[in-house]
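Good morning, colleagues. Please have the structure open as I speak.

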Amino acid sequence: MEDCIFCKIINKQIPSQIVYEDDEIIAFKDIEPVAPVHVLVVPKKHIASVLEISEEDKILIGKIYTVIQKLAIELGIDKDGFRVVTNCGENAGQTVKHIHFHLLGGKKLALTM
Ligand code: 5GP
Ligand code: ZN
């Protein structure tokens with residue numbers, strides 16, 4: 001996707017602080033962190049949102065959670081706890097139309113709605 005900022009990060013057209021990468025998934029630090037640990041875990045396949053996940057993406061979405069688990073341990077937030085957030089659409093405040101999973105931790109997180 002030409003105009004997608006996360007596709008550009010995936011293609012290394014724009015720099016990011018990558019903390020994990022394999023053939024299918026990349027994870028990098030959020031440019032505007034809202035917690036001491038704020039990483040975005042992103043499938044390399046351009047899926048616009050939760051609503052666009054298809055049957056063939058099931059295994060990929062499962063793998064995302066395996067990466068999240070690994071990163072939570074590596075980044076030292078597994079014991080105290082963390083949050084995984086995926087915004088979808090306008091009311092949720094989704095700003096980047098390439099599905100991503102915010103991994104947040106390192107402090108007591110407020111519940112906001
Ligand atoms: P959303 O609001 O769509 O759930 O989350 C998008 C996230 O992407 C935001 O937290 C925002 O700070 C982050 N973001 C937007 N542009 C960039 C960028 O160019 N690089 C990085 N590392 N993060 C970005
Ligand atoms: Zn994309």
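The side chain of D30 has an N or O atom 2.5 Å from an oxygen atom of ligand 1. Please bear in mind that this is a predicted model, and that the distances I quote are computed from it.

Two further polar contacts involve the backbone rather than a side chain. At I31, a polar backbone atom lies 3.3 Å from a nitrogen atom of ligand 1. At V96, a polar backbone atom is 3.1 Å from an oxygen atom of the ligand. How much of the ligand's surface does the protein bury? Taken alone, ligand 1 exposes 520 Å², and 84% of that is buried by the protein.

Let me turn to the shell as a whole. Ligand 1 is surrounded by 16 residues, and the closest of them are K29, D30, N87, T95 and H102. D30, then, is both among these closest residues and the residue whose side chain makes the 2.5 Å approach.

The largest share is that of α1, with three residues.

I come now to the pocket. The space that ligand 1 takes up is the largest pocket of the model, and the volume of this pocket is about 700 Å³. Its lining consists of 30 residues, and those nearest its centre are D30, E32, H38, L40 and H102.

Which elements line the pocket? At least two lining residues come from each of α1, β2, β3 (37–43), β4 (82–85) and β5 (101–105). Helix α1 again gives the most, with three residues. As for composition, the lining divides into 15 nonpolar, 10 polar and five charged residues.

To close, I would return you to D30: its side chain approaches an oxygen atom of ligand 1 at 2.5 Å, and D30 also lies among the residues nearest the centre of the largest pocket. Thank you; I welcome your questions.

Methods. Residues are numbered from 1 along each chain as its sequence is written. Chains are lettered from A and ligands numbered from 1 in the order in which they are written. This is a predicted model: local features need pLDDT of at least 70, side-chain atom pairs count only at pLDDT 80 or more; totals for chains, interfaces and linings use all residues. Side-chain values use heavy atoms; hydrogens and water are left out. A residue is near a molecule or strand if one of its heavy atoms lies within 4 Å of it. A polar contact is a pair of N or O atoms within 3.5 Å; within protein, one must be able to donate a hydrogen and the other to accept it, and residues adjacent in sequence count only if both atoms are side-chain atoms. Accessible areas come from the Shrake-Rupley method with a 1.4 Å probe; for residues, only the protein chains shown count as cover. On a 1 Å grid over the protein atoms alone, a cavity is a set of points where a 1.4 Å probe fits but cannot get out, and a pocket is an open set with protein on both sides within 12 Å along at least five of seven lines; lining residues have an atom within 4 Å of a point. A molecule sits in a cavity or pocket if more than half of its atoms lie within 2 Å of its grid points. Helices (H or I, at least four residues) and strands (E, at least two) are DSSP runs, numbered from the N terminus. Grid points are joined across faces, edges and corners, and a volume is the space filled by probe spheres set on the points. Ala, Val, Leu, Ile, Met, Phe, Trp, Tyr, Cys and Pro count as nonpolar, Asp, Glu, Lys and Arg as charged, and the others, Gly among them, as polar.
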